[in-house]
Amino acid sequence: MSMLDEIPVADPAAGNPEVIQSPKPVSRFRLVLSRLRSTPRFWVGIIGLGTIVLWAIFGLAPNAWNASDLDTFNMGSSPTALHWFGTSDIGEDIYAQTIVGLRKSLIIGLLVGPLAAIIAGVVGAVAGYVGGWWDKAIVWVIDLLLVLPSLFLFILLSPIFKSLSWVALIFLLAGFGWMIMARVIRAQTKSLRERDFIKAARFMGVDTWTIIRRHVLPNVSSLLIIDATLGVGGAILSETTLSFFGFGIQAPDVSLGTLLASGQSAAATRPWLFVFPAAILVFTVLSASLVGDALRDAVDPTSGVNRE
Amino acid sequence: MNSQSNHLLEVRDLSVTFPQPGGSVTAVRGVNYHVDKGEFLGIVGESGSGKSVSSLAVMGLLPSSAQISGDILFEGRSLLGRSDRELSKLRGEGISIIFQDPLSALTPVYTIGAQIAEALQLHDRALSKLAANARAVELLKIVGIPNPERRAQSFPHEFSGGMRQRAMIAIAIANNPRLIIADEPTTALDVTIQAQILEVLQKAKDLTGAAVVLITHDLGVVAGNADRIAVMYAGRIVETGTVDQVFHAPTMPYTIGLLRSMPNLATAGHTRLVPLEGRPPQLSNLAPGCPFAPRCPVAIDACRTTEPPLTSIDGNPLNASACLRVEEISGGALNRAALYPVPAPIALEERAEVAPKTVLAVDQLVRHFPLTKGSVFKHSIGKVRAVDGVSFDIKSGQTLGLVGESGCGKSTTIMEILELAKPQSGQVTVNGRDVSTMSAKERRTLRQDIQVVFQDPMASLDPRLPIQDIIAEPLTVHAVPARERSRRVRDVMELVGLDPSMASRYPHEFSGGQRQRIGIARALVTDPKIVVLDEPVSALDVSIQAGVINLLEDLQEKLGLSYLFVAHDLAVVRQIADNVAVMYLGRIVESGPSSEIFDHPQHPYTRALLSAVPVPDPTLERSRQRIILQGELPSPTEDIAGCNFRTRCPLYQLMDQDGQEQCRTLDPARRQVQGSSVACHHSEHIDLMTLATSQP
């Protein structure tokens, strides 16, 4: 309705006191950084994530037990001064196990999420921007990967992966986590392609890769960043599922996934086996998405806080 | 309500406030107007002036969150506070509305006939379905839809924009309303269609005897049609009077400035435009005093503290103006013509020397798009002749205006030129070199010389890049070092009148006019010879257009640029162009020097196009003869033998048998007739059209 045009939107320049007013032009990276710094959500998220990472690195130092130690005198004990998170049936220290598991899950999550998003972004943008036969071929591959049930593939491939290190799991998870986002990016790129600023860049003689890098990817970056942060949680969950069935992280390695899997049967009777790893998982994913959220607002000056 | 109203519609002290999270916005602030029976009132204002909101309030169509105060009386009875049922009864029968976008105003899943019949049956339950359908066909005939029996069975998407708007008018007049509110009814349409619709609206008004309130941003549209007009600014009426009073003796500085800043088809090209500096205020945080004071050249201290009420001029209650210095202006103490300083032309010593040579030549350019059907096995079912043999050339330091209605192929033409690729057929020569023979590297170097400015400044600037990167982008292609880049960016920003300290801001922080300046800066940063301007001012508000046009003129003088200026607004083209080419269905039908084309058009299409453009001067508008083209632009997929304009040509109708035969069979080649090159067999007989229209 035409009426909507008539309601004046608030002047973004007037309502935006933190606009940088320096005589010297500031680079884009610095602008994003300065906007990021003024978002409280970013600080909550980054401090939370930082704490988790630091804890994962240094958390074992004050603890008397290692993850592989067995305390045969305290099997199945509840949290005590000796075993801060309690022990399992065979006397493993849950605190030590949680930290070791967290390390693995963090590494997997933090690598798989962004990796999948990068694949999705590049593949989607190329398909959408270049079009033609490239587009047809890429869509065909995406559709093929989507109809293959990934869990069965993991199971089929697991003998190979068991012989490789757990690092291979990162690529496996990333390799099967990018397709849906790539389709979304492709559709977005197709509509971006017809926008005047992309046309303008083309008429200036900017080459295809630079257009994708400078104009297409930044304009779909909010989607990619959301995807990457959600991907962190998603990857950890995929890893949990695989490890639960015994196809993911293999003993003697431990991850939050294997811990949750082994602790879930005792969740009602001995909650410490389950609650501590689960709480850590929730906290990690929450912090990661707060950072992603703040980053999206900073990269995209028209979204979120800046629009109000 | 103390006093009875004897007007058809009376709006008293209307205020509309929209509560918003960041503070409420008062879109309409105390508006008073009235409409008498059979009167034609025009409400004029820029976007955001509150003109649409005030009329939606009359219809009771505002969202429920809007807070309305004041009173709206229709035939002496208040409309506010009435139930939706009562209002629904009144809508259509008493008041009806015509919206700007007829596609979204019509339901896509019902036929046009059914929608008209629905409007009829809602208000007359006794009407049988058959009678309603018959009346619907009759109404479609009244609004000039050919073959109404068959067209009543069509769905909205099968209608063109102009026909949809006709159908909307048919629905609006179906129940003989006493008041028709038309909200920007022609904004989305081409000039020739606009002329048709305005004629239909006048006819509908005469048939039903209804009063009309026409809301528009185009002063030209009201000049020829309205009896009285009201000018709105920042949610208030700032001037009202008869068309003659407002156009010939405006007393509000805003109206004066608006009239001076508009390129006028009758006068354009001879004088420089007078820009109205600044931009309309934000209604969310209005400063005290007159909202126009920051832009007003004659503002005094009192203007910044008190908001002037609408005071009548010379005791005439119908002619009023909201200005503290109204008496000085109407009395002549302040000279209207000298109120705004006329910007000085570029001094002679600053002008660039240009050697007259052809910088861009297009010869018989063709671009056909195949129409295909089927998803797996594609087969061609025809072709769209988007560009069908276009030739023109541009000399250095000159401007070629390429004009035509939407769909005539002017955008495709410039895209073909800008691609710098080998065209399907024909030749594009830039700086004397045929682009199809160039290597990729040469082509990239050539891109420095030819740059483009797009229509919508928001869409053409990447929202994710600060403007320094946007402006510097053409330089990155040519491997200019970073230090040099930032220096050139700063220089070019100064050149287009932007503060270089704003270089690190993002596009959304700028106003429309500033954004277009950024677009121009980006085009100029490589020091080009040719700039292609694709409707550079049509997305801007009237008061901002003048500044951008003046800037383009100055830059041309200073830098010796050549412009290819594509526009549908003929007044703007007349203002800026040295030569004009008129396009119709992928061809240039007439081209020549601007003065020839505008003063002595030789092609019937040019003549019709010029006569369709409304001029913001009521006296001139009344005396003008209008040639209304019949029908719509044919689809470019149609294969029309002979002259492709003959389906709409008014001259064709007047020719004898032999002449018509010639039009039907022979495709007219361009030939020289009185200073312009025309593609018409009969342009010697063009005066027949004038004779025909002067007879009633």
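1. Start with the hairpin of β11(B) and β12(B) in this predicted model. Two residues lie between its strands. One point to check there is Asp314(B), which takes a positive phi near 50°.

2. Ile313(B) has Asn316(B) in β12(B) as its bridge partner.

3. What else does β12(B) pair with? Strand β10 (residues 236–242) of chain B is joined to β12 (residues 316–321) of chain B. The two run antiparallel, with 2 bridges between them. Here Thr240(B) has Ala320(B) of β12(B) as its bridge partner. So much for the strands.

4. Turn to chain A for a helix pair. Helix α11 (residues 221–245) of chain A packs against helix α12 (residues 256–263) of chain A. Their axes are 8 Å apart, at an angle of about 55°. The crossing of the two helices is right-handed.

5. Which residues make this contact? From α11(A) come Ile236(A), Glu239(A), Thr240(A), Ser243(A) and Phe244(A). They meet Leu256(A), Gly257(A), Thr258(A), Leu260(A) and Ala261(A) of α12(A). By type, the contact of α11(A) with α12(A) has 5 nonpolar residues, 4 polar and 1 charged.

6. Back in chain B, look at helix α13 (residues 410–419). Its buried residues are Lys410(B), Thr413(B), Ile414(B), Glu416(B), Ile417(B) and Leu418(B). Note that Lys410(B) and Glu416(B) are on this list. An α-helix has 3.6 residues a turn, so residues three or four places apart point the same way.

7. What follows α13(B)? The residue is Leu420(B). Its phi is positive, near 55°.

8. Last, a single residue. Gln121(B) lies in helix α4 (residues 112–123) of chain B. Is Gln121(B) buried, exposed or partly exposed? It has 18 other C-beta atoms within 10 Å, so it counts as partly exposed. The buried class needs 20 or more, and the exposed class 12 or fewer.

9. Leaving aside residues up to four places away in sequence, Gln121(B) touches Leu127(B) and Ala132(B). For a view across the chain, take Gly642(B), which is 521 residues from Gln121(B) along the chain. The C-alpha atoms of Gln121(B) and Gly642(B) are separated by 47 Å.

Technical notes. Residues are numbered from 1 along each chain as its sequence is written. Chains are lettered from A and ligands numbered from 1 in the order in which they are written. This is a predicted model: local features need pLDDT of at least 70, side-chain atom pairs count only at pLDDT 80 or more; totals for chains, interfaces and linings use all residues. Axes are lines fitted to C-alpha atoms, for helices over the stretch in contact, and angles run from 0 to 180 degrees between N-to-C directions. Helices (H or I, at least four residues) and strands (E, at least two) are DSSP runs, numbered from the N terminus. A crossing is left-handed if the near helix is turned anticlockwise from the far one by less than a right angle, and right-handed if clockwise. Two residues are in contact if their C-beta atoms, placed from the backbone, lie within 7 Å. Ala, Val, Leu, Ile, Met, Phe, Trp, Tyr, Cys and Pro count as nonpolar, Asp, Glu, Lys and Arg as charged, and the others, Gly among them, as polar. Two strands pair if DSSP finds at least two bridges between them.
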